[in-house]
Amino acid sequence: MTADSAAPTAAPRNLVRTGGPKDDSSWLEHVLGWTLVVVVAMFVTQIGWL
């Protein structure tokens with residue numbers, strides 16, 4: 001196998017989505033995500049891990 005044949009090619013457009021973030025995420029997802037971050041941070045500080 002040569003370096004040319006092992007080079008990655010452009011990804012096909014028909015890949016299966018894995019449920020990760022999308023390009024058109026709504027503002028509600030951002031608000032809920034940051035709310036979760038704040039709640040976890042408050043929990044960690046209250047139990048003394050930080």
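Student: Which residues does the UniProt annotation "transmembrane region" cover?

Tutor: Residues 31-49, according to the unreviewed UniProt entry. Such positions are given in the numbering used here, feature names are shortened, and annotations may be inferred rather than shown by experiment. The model is predicted: local features need pLDDT of at least 70, side-chain atom pairs count only at pLDDT 80 or more, and totals for chains, interfaces and linings use all residues. Residues are numbered from 1 along each chain as its sequence is written, and side-chain values use heavy atoms, with hydrogens and water left out.

Student: What makes up the span of residues 31-49?

Tutor: The span is 84% helix and 0% strand, and its end C-alpha atoms lie 25 Å apart. Helices (H or I, at least four residues) and strands (E, at least two) are DSSP runs, numbered from the N terminus. The protein chain has two helices and zero strands.

Student: How many residues does α2 have, and what span is expected?

Tutor: α2 has 20 residues. G48, with a positive phi near 85°, follows α2.

Student: Why is L28 called partly exposed?

Tutor: Buried means under 20% relative accessible area, exposed over 50%, and partly exposed in between (1.4 Å probe, protein chains only). L28 has 44%, so L28 is partly exposed. L28 lies in helix α2, residues 27-46.

Student: What share of the protein chain counts as buried?

Tutor: Of its 50 residues, 0% count as buried.

Notes
The expected span of a helix is 1.5 Å times one less than its number of residues.
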